[in-house]
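I opened this notebook to record what I looked up in one structure. The entries follow the order in which I consulted the model.

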Amino acid sequence: MSHRIDIYKNATEPYNGLLAINAHLKKSVLPADLVELVFLRVSLINGCAYCIDKHSRDLLKSGMSIDKLVLVPVWYEAGELFTPREKAALAWSEVVTRIGETAAPDADYEAVTRHFNEAEYAELTMAIALMNAMNRLAIPGRMTPQAARQ
């Protein structure tokens, strides 16, 4: 693999802006585990190894079972393992991450807003957008997952 330009080092101020959004989300109206679950699903869709590794580890540390973790990519087939609210967040994560294909249909918007109030919906959508941005920095930057550094 060729050496890649360090985006953080060369665009520190805007990168810190993204990190500030992340810091806000850690103390937002949404439960931290839900935000991490969304971060993981978005990263799985985008194929970001660094972020998949990071958010999987964070979810395991916070107490998520391995059984639930390995079913995140197929959450819609996991029965009651995921709560209705988690399912709504995961579905919205897929819609927003694939925005070019989905255009965020009204039916999907209505489905997510049945489970999240206005502030929660706004922060959920911000979390999805943030992780999409972070994936788009980590992948071309070839950030190395912790598992690959061992």
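**Entry 1**

I found Ala 104 to be partly exposed, because its relative accessible area is 25%; buried means under 20% relative accessible area, exposed over 50%, and partly exposed in between, with a 1.4 Å probe and protein chains only. I note that this is a predicted model, in which local features need pLDDT of at least 70 and side-chain atom pairs count only at pLDDT 80 or more, while totals for chains, interfaces and linings use all residues. Residues are numbered from 1 along each chain as its sequence is written, and side-chain values use heavy atoms, with hydrogens and water left out.

I placed Ala 104 in the loop between helix 7 (99-102) and helix 8 (106-113); helices (H or I, at least four residues) are DSSP runs numbered from the N terminus. I looked up its backbone: Ala 104 is not a glycine, yet its phi is positive, about 50 degrees. For context, most residues other than glycine have a negative phi.

I then turned to Arg 142, in the loop between helix 9 and helix 10 (146-149). Its phi is also positive, near 50 degrees, and Arg 142 is likewise a residue other than glycine.

**Entry 2: salt bridges**

I used this criterion: a salt bridge is a side-chain nitrogen of Lys or Arg within 4 Å of a carboxyl oxygen of Asp or Glu. Side chains of opposite charge can pair when their charged atoms come close. How many salt bridges does the rule give? The count comes to 7.

One of them joins the side chains of Glu 94 and Arg 41, at 2.8 Å from N to O. This pair links distant parts of the chain, with Glu 94 in helix 6 and Arg 41 in helix 3, 53 residues apart. Are Glu 94 and Arg 41 buried or exposed? I found both of them buried. I also noted that a network of salt bridges links Arg 41, Glu 94 and Arg 98.

Within helix 4 I looked up two further pairs. Asp 53 forms a salt bridge with Arg 57, and their closest N and O atoms are 3.0 Å apart. Asp 53 and Arg 57 are separated by about one helical turn, because they lie 4 residues apart in helix 4. Asp 53 is buried, at 13% relative accessible area, whereas Arg 57 is partly exposed, at 26%.

Lys 54 forms a salt bridge with Asp 58, with 2.7 Å between the closest N and O atoms. Lys 54 and Asp 58 are also 4 residues apart in helix 4, so about one helical turn separates them. Lys 54 counts as partly exposed at 33% relative accessibility, and Asp 58 is partly exposed with a relative accessible area of 22%.

**Entry 3: the largest pocket**

I consulted the pocket search next. On a 1 Å grid over the protein atoms alone, a pocket is an open set of points where a 1.4 Å probe fits, with protein on both sides within 12 Å along at least five of seven lines. The largest pocket holds about 190 Å³ of space, the volume being the space filled by probe spheres set on the points.

Which residues are closest to the centre of the largest pocket? Of the 15 residues that line it, these are Tyr 50, Lys 54, His 55, Met 131 and Met 134; a lining residue has an atom within 4 Å of a point. I recorded that helix 2 (12-26), helix 3 (32-46), helix 4 (49-61) and helix 9 (118-138) each supply at least two lining residues. By class, the lining has 10 nonpolar, 2 polar and 3 charged residues.

**Entry 4: a nonpolar surface patch**

I noted a nonpolar surface patch of about 390 Å², made by Leu 60, Ile 66, Val 70, Leu 71 and Leu 81. Patches consist of residues with over 30% relative accessible area and no salt bridge, with nonpolar side chains joined within 5 Å. Accessible areas come from the Shrake-Rupley method with a 1.4 Å probe. I located Leu 81 in the loop between helix 5 (66-70) and helix 6 (84-97). Leu 81 counts as partly exposed because its relative accessibility is 33%.

**Entry 5: two distances**

I looked up Lys 68, which lies in helix 5 and is buried, at 13% relative accessible area. Lys 68 and Phe 82 are 14 residues apart in sequence, and their C-alpha atoms are 7.8 Å apart in space.

Leu 37 and Asn 10 are 27 residues apart in sequence and 30 Å apart in space, C-alpha to C-alpha.

Terms used
Nonpolar A, V, L, I, M, F, W, Y, C, P; charged D, E, K, R; others polar. Patch = residues over 30% accessible without salt bridge, like charges linked within 9 Å, V, L, I, M, F, W, Y side chains within 5 Å.
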